[in-house]
Amino acid sequence: MAQQQTALIIGASRGLGLGLVKQLVQQQWAVTATVRAPQSADELKAVTGVKIETLDLDSQDSLTALAQRLSTQVFDLIFVNAGVLGPEHQTAAAATQEELGQLFMTNVTAPIRLAEQFVAQLRPNTGVLAFMSSVLGSVMNPEGNNLALYKASKAALNSLTNSFVCSLPAPRPTVLSLHPGWVRTAMGGPNGEIDVETSCAGLVAQVQRFAGTGGHYFVDYQGQTIAW
Ligand SMILES: NC(=O)c1ccc[n+]([C@@H]2O[C@H](COP(=O)([O-])OP(=O)(O)OC[C@H]3O[C@@H](n4cnc5c(N)ncnc54)[C@H](OP(=O)(O)O)[C@@H]3O)[C@@H](O)[C@H]2O)c1
């Protein structure tokens, strides 16, 4: 019998993170999923067989404690999904230091810090490290300027991911910066083009397609390459 595949999903209380957990469990993966507040993660708790862990991505202490608890595990997939939209105004002129610090900590620095912590626990040769980016992080994209600060955070995430990947010794793991589509979640809103299930089925298909290739790719949930 083939070995059961293992995943660590960061930010799984709702939306796409929860959708990824459901999709992977449906495909018989063993899933560890993190949330900030386990006491209120009722939807995640309702998914059979998931191991739930606590992590506030912004907190180094919280990350260190998680790393200690999971130190003996090997993962076929580590998916950093957690993210925030940032302040409502989305303008450089109005942005406070606190707003920018929060946005860039959660969307840029903390995901890479987590990756640095866990990259050695990817399964050798076939493990995949995935980040939830966005097509809005493509610097040539003229759309979504009402989300200017969020766009900048995803471009910065892509850039920091590139630096991180380039710093790893060869052979490098497969690293994906993924665009999930415009999805109907709390963040995507009710007018999103696709539902969570469609997006997550596509995202998991890309993880499986790229496993074992090595290197860094920016693709959407349908496998289309996105310009950096
Ligand atoms: N929806 C879209 O159309 C779309 C498009 C492109 C990219 N994305 C990206 O996809 C990812 C998920 O978005 P979504 O649409 O599912 O949004 P969502 O419904 O707002 O969910 C965001 C998730 O991130 C978690 N999170 C936020 N800050 C965190 C922190 N400091 N530590 C731990 N967890 C934290 C939230 O946990 P709590 O429940 O504790 O707040 C929640 O589980 C984000 O990175 C987003 O930028 C979404």
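Student: How do the residues of the shell around the ligand divide into nonpolar, polar and charged?

Tutor: Happy to walk you through it! Keep in mind that this is a predicted model. The shell splits into 12 nonpolar, 12 polar and four charged residues. There are 28 residues around the ligand, and those that come nearest are Gly15, Leu57, Gly83, Thr185 and Gly188. Helix H1, which covers residues 15–26, supplies the largest share of this shell, with three residues.

Now let us step out to the sheet. It is an open sheet of seven strands with parallel pairing, and its order reads E3-E2-E1-E4-E5-E6-E7. At the edges you will find strand E3 (51–54) and strand E7 (215–220), each of which pairs on one side only. On average, neighbouring strands here are turned by 20 degrees against each other, if direction is ignored. Against this sheet packs helix H6 (residues 196–210), which touches strand E4 (77–80), strand E5 (128–132), strand E6 (174–179) and E7. The direction of H6 makes about 155 degrees with that of E6.

Let us zoom in on one pair of strands. Strand E1 (residues 6–10) and strand E2 (residues 30–35) are joined in the parallel sense over five bridges, and Ala7 stands opposite Val31 in E2. Leaving aside neighbours within four places in sequence, its contacts are Leu24, Trp29, Val31, Phe75, Asp76, Leu77 and Phe79. In the largest nonpolar core, which has 49 residues, Ala7 is one of those that touch the most other members, together with Ile9, Ile10, Val21, Phe79 and Ala130. Another core lies apart from it and has five residues, among them Leu103, Leu136, Tyr150 and Ala152. In soluble globular proteins, nonpolar side chains tend to be buried together.

Phe104 sits in helix H4 (residues 97–118). Phe104 counts as partly exposed because it has 18 C-beta neighbours inside 10 Å, while a residue needs 20 or more to be called buried. Not counting residues up to four places away in sequence, Phe104 touches Thr109, Ser153 and Ala156. Take Ala156: along the chain, Phe104 and Ala156 are 52 residues apart, yet 8.3 Å separates their C-alpha atoms.

How values were computed: Residues are numbered from 1 along each chain as its sequence is written. This is a predicted model: local features need pLDDT of at least 70, side-chain atom pairs count only at pLDDT 80 or more; totals for chains, interfaces and linings use all residues. A residue is near a molecule or strand if its C-beta atom, placed from the backbone, lies within 6 Å of it. Helices (H or I, at least four residues) and strands (E, at least two) are DSSP runs, numbered from the N terminus. Ala, Val, Leu, Ile, Met, Phe, Trp, Tyr, Cys and Pro count as nonpolar, Asp, Glu, Lys and Arg as charged, and the others, Gly among them, as polar. A residue is buried if 20 or more other C-beta atoms lie within 10 Å of its own, exposed if 12 or fewer, and partly exposed in between; C-beta atoms are placed from the backbone. Two residues are in contact if their C-beta atoms, placed from the backbone, lie within 7 Å. Two strands pair if DSSP finds at least two bridges between them. Axes are lines fitted to C-alpha atoms, for helices over the stretch in contact, and angles run from 0 to 180 degrees between N-to-C directions. A nonpolar core is a set of buried Ala, Val, Leu, Ile, Met, Phe, Trp, Tyr and Cys residues joined through C-beta atoms within 7 Å.
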